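Here is a short briefing on one protein model. The sequence and structure come first, followed by notes grouped by topic.

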Amino acid sequence: FVSGEGATPGHKYRVERWAAAARQLGAQTVVGAADEVAGQLHEVAEADLLFIWRAGWSGPLETIIYAAREASVPILFDIDDTLIASNGASGSTHAAAFTALTGREATERVPVDGRTDRLILRDLFAAHRVPWIADVQASAERALAVALSEMVPPFTQVRSLLPGAREVLAALAAEPAVVVSVLTGNVRANA
């Protein structure tokens, strides 16, 4: 796991927790900034997966990616704040889904960075002291999908591509050995 923001809450949610989950499943993990992981290239080359989170392009990151590619190690990276900026769309979507499910406005805020849609919505229910019952859970995915699709202005106008995003995707698509895909723990329709 290569993290570009080791001192942030997002690092805890998107890197430390995932690394801990992998260790619980029996995996060995290395977590660090690019300059730290670049000193462990033998472990990169033997890895089953390289995950990069918010690490800006640098000499050490280039070295890590080169080592991973040479060893055919799959590379995953988080697109939020790497390729796109959602510009608050996530919070708006969760608030709208909460309203659709409860008939009440969401007046409380909960952390969203690095968390799945379902966990965010569950915490919104808890913050408003509304029971997170089975019927609500069963309707949550649809409510989240509808909330994003009915967003005004539309998500496609709210979010923005970050500089270099098109170029990165074009370069990845041009590599025959690279498979570009989307992996999410969130609502599939919103991915």
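Arginine 129 sits in the loop between α6 (117-127) and α7 (134-149). Its phi is near 55 degrees, a positive value in a residue other than glycine. The model is a predicted one. Its mean pLDDT is 84, and 88% of the residues reach 70 or more.

**Positive phi in loops**
- Arginine 129 counts as exposed, because its relative accessibility is 75%, and the cut-off for exposed is over 50%.
- Serine 72 also has a positive phi, near 60 degrees, and is a residue other than glycine.
- Serine 72 is placed in the loop between α4 and β3.
- With a relative accessible area of 65%, serine 72 is exposed.

**Confidence by element**
- Helix α3 (residues 41-45) has the highest mean pLDDT among the elements, at 94.
- Helix α8 (residues 155-158) has the lowest, at 60.
- Where pLDDT is low, predicted coordinates should not be read in detail.

**Overall make-up**
- The protein has 9 helices and 5 strands.
- Along the sequence, the pattern reads β-α-α-α-β-α-β-β-α-α-α-α-β-α.
- Of the 191 residues, 30% are buried.

**Strand β2 and its partners**
- Strand β1 (residues 2-3) and β2 run parallel and are joined by 2 bridges.
- Serine 3 has tryptophan 53 as its bridge partner in β2.
- Strand β3 (residues 75-77) also runs parallel to β2, with 3 bridges joining the two.
- Isoleucine 75 in β3 stands opposite leucine 50.
- β2, helix α4 (residues 59-70) and β3 form a β-α-β unit, and the unit is right-handed.
- In a regular strand, side chains alternate between the two faces of the sheet.
- β2 is covered on both faces: Leu50 and Ile52 are buried on one side, Phe51 and Trp53 on the other.

**Second largest pocket**
- The second largest pocket holds about 520 Å³ of space.
- Its lining has 16 residues, and the closest to its centre are Gln28, Thr29, Ala47, Asp48 and Leu49.
- The elements that give two or more residues to this lining are α3 and β2 (50-53).
- By class, the lining comprises 10 nonpolar, 3 polar and 3 charged residues.
- One contributor to the lining, α3, is also the element with the highest mean pLDDT.

Note on methods:
Residues numbered from 1 in each chain as written. Predicted model: local features only at pLDDT ≥ 70, side-chain atom pairs only at ≥ 80, totals over all residues. Heavy atoms only, no water. pLDDT = per-residue confidence, 0-100. Helix = DSSP H or I, 4+ residues; strand = E, 2+ residues; numbered from the N terminus. 1 Å grid on protein atoms, 1.4 Å probe; cavity = no way out; pocket = protein on both sides within 12 Å on 5 of 7 lines; lining within 4 Å. Points joined across faces, edges and corners; volume = space filled by probe spheres on them. Nonpolar A, V, L, I, M, F, W, Y, C, P; charged D, E, K, R; others polar. Buried < 20%, exposed > 50% of the residue type's maximum accessible area, 1.4 Å probe, protein only. Pairing = 2+ DSSP bridges. Right-handed = clockwise from strand over helix to strand, strands pointing away.
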